[in-house]
Amino acid sequence: MKKVRVVKADGSTEDFDKEKIVRACVAAGAPEDVAREIANEVESKARDGMSTAEIRRMVLVRLREKCPEAADSWEFYDRVVKGRITFENGKFVVVEKGRLYLGRQVKDIGPRGLSHAKEVEGILRELEEDLMYGVPRRTINARCYALFMGVLKSKKMSKEEKRKAVELINAWREKMGWKPYKLKKPL
């Protein structure tokens, strides 16, 4: 079977890898069987020259249908870790820098990646506000997991900052009545 080449956001190309889709869906909180089903569906539609943004959109549409909390968690992770935001269904958002984006696309809104525990503290305050304004607890829980994964995967944070961030997340989870996350391996 011929390898399909996809085009990344920076213009470079790479082989299509359905396992990346599976890992991303599972990391967002989808069950593995759902993640594999979505990855297989996308693989069947993948073609040479397809953009990773197109693949991402396909995955998010199916994830939104099959596991909405995971789709929300994915988009939250993109915003807090990758510094990008998704605009779907004609909705618009004014971002901090005062720019207005319209349409169905992904836009970079700030620097990529978490770099210190203070950012995590601010995001936790935002999650608490979202909860007060009616965002369901399971959605907040999924976003919290996305934040936790973002901290663990951050290349900008020192081990000490990661440790502080994990402590902040776990203290916040306990405050919410949830179990703290346990590290599977040392930072």
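User: Which residues form one aromatic cluster here, and how do I read it?

Analyst: Rings of Phe, Tyr and Trp (its six-membered ring) pair if their centres lie within 6.5 Å; planes under 30 degrees apart are stacked, over 60 edge-to-face, and the rest tilted. In this predicted model, Tyr-145, Phe-148 and Tyr-181 form one such cluster. Local features need pLDDT of at least 70, side-chain atom pairs count only at pLDDT 80 or more, and totals for chains, interfaces and linings use all residues. Residues are numbered from 1 along each chain as its sequence is written, and side-chain values use heavy atoms, leaving out hydrogens and water.

User: What is the geometry of the Tyr-145 and Tyr-181 pair?

Analyst: The count comes to 4 aromatic pairs. Tyr-145 and Tyr-181 are edge-to-face, 5.8 Å centre to centre with 65° between the planes. Tyr-145 is in helix H6 and Tyr-181 in the segment after H7, so the pair ties together parts 36 residues apart in sequence. Helices here are DSSP runs (H or I, at least four residues), numbered from the N terminus. Phe-148 and Tyr-181 are stacked, at 4.4 Å centre to centre and 25° between the planes.

User: Are Phe-148 and Tyr-181 buried or exposed?

Analyst: Buried means under 20% relative accessible area, exposed over 50%, partly exposed in between (1.4 Å probe, protein chains only). Both Phe-148 and Tyr-181 are buried.

User: Where does the charged end of Arg-173 sit?

Analyst: A charge sits over a ring if NZ of Lys or CZ of Arg is within 6 Å of the ring centre and within 35 degrees of the ring normal. The charged end of Arg-173 sits over the Tyr-181 ring, 4.1 Å from its centre.

How values were computed
Helices (H or I, at least four residues) and strands (E, at least two) are DSSP runs, numbered from the N terminus.
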